[in-house]
Amino acid sequence: MTATTIARSDVGAARITQAGVVRSEWIKIRSLRSTWFSLLAAVVMIVGLGTLFSGLHAHRVEQGNGPGAQIGLDATQVSLRGVFLAQLAIGVLGVLVITGEYSTGMIRSSLAAVPHRQPVLIAKALVFGVVVFVVSLASTFAGFLLGQQAQASTHAQASLSTPGALRAIVGGAAYLTLIGLLAVGLGFLIRNTAGAIATLFGIVLVAPILAAALPEPYSNDVAKYLPLNAGSQILVTMNFDPTQLRPWPGIAVTALYSVVALVGGALMLKRRDA
Amino acid sequence: MGVCRVIEAQALTKRYGPKTAVDDLSFEVRPGFVTGFLGPNGSGKSTTMRLLLGLDRPTAGRSLINGKSYVDFAAPLHEVGALLEARAVHTGRSARNHLLAMAATNRIPRSRVDEMIGLVGLEDVAGKRVGGFSLGMGQRLGIASALLGDPGVLLLDEPVNGLDPEGILWIRNLLKALAAEGRTVFVSSHLMSEMAVTATEVIVVGRGKLIASGSVAEVIRGAGGGVVLVRTTEAERLAALLVAAQKVERLAPDVLQVSGMDSAAIGLVAAREAIPLIELTPQQATLEEAFMEITRDAVEFHGAELSGTELRGTELRGTELAPSGVGEAR
């Protein structure tokens with residue numbers, strides 16, 4: 001076996017293109033088990049918990065308050081509650097897509113192949129974002145439909161034509177995607193799995209608790225701009241909480257967190273040694 | 001030979017905080033040869049490789065490949081193939097998927113991936129996760145990855161690490177064949193014996209500084225050219241006359257070991273003074289000896305000097321052991 005068997009391939013005018021890097025990241029993301037486990041977990045949480053919460057809600061209605069007395073519950077929101085748990089799986093996956101490369105040294109291969117670096121971050125965010133959005137959207141749809149079926153006995157279930165329902169379904173998937181992209185950005189910024197996961201869930205889950213401890217006039221002013229509080233308003237279709245942001249401004253605030261993390265990650269990726 | 005500098009390091013310097021990993025390092029690597037990049041562990045070889053590949057940014061100086069900075073290549077894998085130390089591969093991915101992902105970035109066809117898997121002999125395990133690979137299989141995957149774009153320049157960091165004798169022979173022949181095709185092959189190693197048989201040219205570094213460079217023969221000569229063994233009936237008188245020598249040791253009543261003077265010069269002195277010589281034998285130094293000689297002061301971690309009493313204890317700390325056979329700490 002000698003190198004003379006290495007035929008010269010047509011080098012020609014080959015150059016790195018964003019499309020090529022995207023294809024590479026697509027191969028990468030689908031060739032890891034952690035991707036499939038995380039996505040499966042997210043699907044189970046969204047669909048399973050959505051159906052379960054809906055069933056429990058219907059049961060409670062049947063038991064006590066009777067039909068019509070829905071105690072103001074948002075049937076759509078009830079069926080999408082699984083999103084809150086699924087953000088754990090999506091967040092962890094978003095971090096791992098990046099820090100998995102740093103912990104194994106793969107990042108050096110990736111960046112040696114694409115020395116301008118930015119295309120790698122763009123491709124990773126794009127491929128991850130699309131995969132998460134598509135899987136999440138299918139799940140929120142399924143969770144909504146199964147959940148509404150489970151709530152049929154309340155005669156107050158929602159349908160796709162219920163105002164805000166479609167927004168909540170698509171928005172729930174968008175919220176998960178944005179939390180995932182926040183995780184990707186933090187992965188590039190922190191580069192360490194444990195550190196990035198801790199930071200992510202510190203911002204998403206712990207910050208609202210800390211904000212609640214602030215003195216009264218400030219407490220909600222801060223809390224409503226945190227990614228969880230702001231972004232999850234997109235799941236609300238009725239009885240809007242006046243102390244929270246409205247659905248669209250809310251999800252926009254969450255998007256801002258993701259953008260800031262990604263831009264920060266891109267700057268650090270360019271500046272730091274690999 | 002005009003345009004013969006494929007890899008150029010120009011006053012390359014890299015500092016990490018207070019530690020200088022690469023210190024004002026300049027060298028050139030020519031095509032058509034295997035050039036060894038030698039140095040003890042921690043001497044800055046891997047850092048230099050990373051600087052050449054644009055992975056680390058130099059504190060000062062610059063490096064060029066084919067006259068360009070690495071980051072300016074439109075499709076770097078077609079120009080430079082690299083085997084990075086410590087297996088820069090995700091352990092959860094199969095070998096084939098790793099290569100496919102690498103190939104996609106630089107628009108290298110799928111067929112080339114299978115070709116390279118065949119070349120390095122990984123057909124049977126190409127679908128298995130890299131995490132389960134032996135060190136040798138990992139190195140073969142690294143070689144496949146480096147050759148993907150059919151590059152004219154190869155930068156290989158410690159390619160024989162962890163390989164069995166058959167694998168070492170394979171790499172050795174592969175490197176020579178690649179160089180014979182006119183490619184530039186730059187290989188780092190801390191194994192002198194390996195470079196002595198593989199490399200034509202060597203660049204020796206210690207503590208980030210250039211210590212020696214040139215052909216293997218030149219580097220050996222530069223290290224003192226070995227020693228000459230002299231057997232004579234008048235050892236004492238001859239020893240006193242060899243003023244040009246660096247060192248004259250009397251190994252036996254009739255045997256002198258002379259360093260820093262070649263056999264011709266010693267023979268002439270003896271002839272002039274009519275001292276009978278019974279034997280005059282140049283001792284050929286090996287690259288390994290030359291390396292030990294020239295890097296003596298540049299070794300990061302000296303071997304612990306073990307006396308008999310110290311050997312009783314079990315306090316041998318890893319870092320104090322002689323820097324041989326162990327992968328460069330990262």
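Reply: Chain B splits into two domains, domain 1 covering 7–221 and domain 2 covering 227–283. Bear in mind that this is a predicted model. Taken over C-alpha atoms, the centres of domain 1 and domain 2 of chain B are 45 Å apart.

Three strands of chain B form an open sheet in the order β2-β1-β4, and the pairing is antiparallel. On the edges sit β2 (19–29) and β4 (60–65) of chain B, each of which pairs on one side only. From one strand to the next, the twist averages 20 degrees. Helix α1 of chain B (residues 45–52) packs on this sheet and touches β1, β2 and β4 of chain B. The direction of α1(B) makes about 115 degrees with that of β1(B). As for the pairing itself, β1(B), residues 7–16, runs antiparallel to β2(B) over 7 bridges.

Next along is helix α2 of chain B, residues 95–105. It is largely enclosed by the rest of the structure, because 11 of its 11 residues are buried. The buried residues include B:Leu99, B:Leu100 and B:Met102, but also B:Arg96, B:Asn97 and B:His98. What do they pack against? Within chain B, the buried residues of α2(B) meet α3 (110–120) and α4 (135–147), and from the other chain they meet α1 and α5 of chain A. Just after the helix, B:Arg107 has a positive phi of about 55 degrees.

That brings in the partner. In total, 37 residues of chain A are in contact with 42 residues of chain B. On the chain A side, α1 (18–30), α2 (33–65), α4 (82–104) and α5 (106–113) each supply at least two of the touching residues. By type, the residues on that side of chain A come to 16 nonpolar, 13 polar and 8 charged.

Chain A itself has 11 helices and 0 strands. Its C-alpha atoms fill a box of roughly 80 × 45 × 30 Å along the principal axes, and 50% of its 274 residues count as buried. If you look at contacts in chain A between residues at least 6 apart in sequence, 80% of them join residues at least 24 apart.

Back to chain B, and on to domain 2. Which face of β12(B) is covered and which is uncovered? B:Leu256 and B:Val258 make up the covered face, while B:Val255, B:Gln257 and B:Ser259 lie on the uncovered one.

Technical notes
Residues numbered from 1 in each chain as written. Chains lettered and ligands numbered in written order. Predicted model: local features only at pLDDT ≥ 70, side-chain atom pairs only at ≥ 80, totals over all residues. Contact = placed C-beta atoms within 7 Å. Helix = DSSP H or I, 4+ residues; strand = E, 2+ residues; numbered from the N terminus. Nonpolar A, V, L, I, M, F, W, Y, C, P; charged D, E, K, R; others polar. Buried ≥ 20, exposed ≤ 12 C-beta atoms within 10 Å, placed from the backbone. Pairing = 2+ DSSP bridges. Axes fitted to C-alpha atoms, helices over the stretch in contact; angles between N-to-C directions. Domains from an automatic or database assignment.
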